[in-house]
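Welcome! Here is a short briefing to read with the structure open beside you. Take it one topic at a time.

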Amino acid sequence: MSINIDWQGDCQFKVTTSGGFMVEVDAENAQAPCPTELLLSALGSCSATDVALYFQDKGVNLESLNNQVTYTLTDSEPRLYESANLHFTVKGQGITASDVDLAAQNAITKYCHVCLMLQPAIRITHSVEVVDGDRETAA
């Protein structure tokens with residue numbers, strides 16, 4: 001398996017995965033996401049996948065699932081990711097904040113390959129919010 005990266009000029013690249021999918025990358029963040037944004041995107045989408053699978057395995061139908069990744073950078077150069085918080089907002093009948101909290105915790109500590117690769121270099125935390133009709137609860 002391999003990933004091919006073709007230079008497009010300046011600091012722009014076209015990434016082609018072994019499956020043939022293409023992603024544009026721009027290290028200057030002018031025309032496309034920069035590589036480190038893609039890294040956080042992988043963190044967010046991988047952990048969200050595991051949360052969705054948790055509910056799927058429990059036979060719970062999700063109406064919506066959002067994972068907003070916020071982060072902090074180190075103060076000195078090179079500015080590295082110091083921490084990331086994964087904020088899961090879930091909507092579905094009968095879902096509680098403690099259900100989402102458990103699913104998120106399991107994703108971060110057991111199942112999400114990206115989380116497991118990035119820890120402990122990046123401190124990964126999570127927060128949750130459940131939207132049930134007109135009511136929101138958070139943990």
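Two residues count as in contact when they have heavy atoms within 4.5 Å of each other. With that in mind, look at helix α1: its buried residues pack against β4 (64-73), β5 (81-91), α2, α3 (113-118) and β6 (123-132). Please remember that this is a predicted model.

- The buried residues of α1 are Leu40, Leu43, Gly44, Cys46, Ser47, Ala48, Asp50, Val51, Tyr54 and Phe55.
- Just after α1 comes Gly59, with a positive phi of about 75°.
- Helix α2 covers residues 97-111 and has 15 residues; from its first C-alpha to its last it reaches 20 Å, close to the expected 21 Å.
- Buried in α2 are Ala97, Val100, Ala103, Ala104, Asn106, Ala107 and Ile108.

- Asp50 belongs to helix α1, which runs over residues 35-57.
- Setting aside neighbours within four places in sequence, Asp50 touches Ala107, Tyr111 and Cys112.

**A salt bridge**

- Side chains of opposite charge can pair when their charged atoms come close.
- The count here is 1 salt bridge.
- Glu63 and Lys91 form a salt bridge, with their closest N and O atoms 3.9 Å apart.
- Glu63 sits in the loop between α1 and β4 while Lys91 is in strand β5, so this pair ties together parts that are 28 residues apart in sequence.
- Glu63 is partly exposed, at 47% relative accessibility, and Lys91 is also partly exposed, with a relative accessible area of 28%.

**A three-stranded sheet**

- In this open sheet the 3 strands follow the order β1-β2-β3, and the pairing is antiparallel.
- Strands β1 (4-9) and β3 (22-26) are at the edges with a single partner strand each, so one side of each has no neighbour in the sheet.
- From one strand to the next, the twist averages 25°.
- Strands β1 and β2 run antiparallel and are joined by 5 bridges; here Asn4 stands opposite Thr16 in β2.
- Another 5 bridges join β2 (residues 12-16) to β3, and Thr16 stands opposite Met22 in β3.

- Most residues other than glycine have a negative phi, and most peptide bonds are trans.
- Where does Asp10 lie? Asp10 is in the loop between β1 and β2, a hairpin with 2 residues between its strands.
- Phi of Asp10 is positive, near 50°, and Asp10 counts as exposed at 65% relative accessibility.
- Asn29 also has a positive phi, near 60°; Asn29 is in the loop between β3 and α1 and is partly exposed, with a relative accessible area of 40%.
- Glu77 and Pro78 are joined by a cis peptide bond, with omega about -5°, and Pro78 is in the loop between β4 and β5.
- A cis peptide bond also joins Gln119 and Pro120, with omega about 5°; Pro120 is in the loop between α3 and β6.

Terms used: Residues are numbered from 1 along each chain as its sequence is written. This is a predicted model: local features need pLDDT of at least 70, side-chain atom pairs count only at pLDDT 80 or more; totals for chains, interfaces and linings use all residues. Side-chain values use heavy atoms; hydrogens and water are left out. Helices (H or I, at least four residues) and strands (E, at least two) are DSSP runs, numbered from the N terminus. Two strands pair if DSSP finds at least two bridges between them. Axes are lines fitted to C-alpha atoms, for helices over the stretch in contact, and angles run from 0 to 180 degrees between N-to-C directions. The expected span of a helix is 1.5 Å times one less than its number of residues. Buried means under 20% relative accessible area, exposed over 50%, partly exposed in between (1.4 Å probe, protein chains only). A salt bridge is a side-chain nitrogen of Lys or Arg within 4 Å of a carboxyl oxygen of Asp or Glu.
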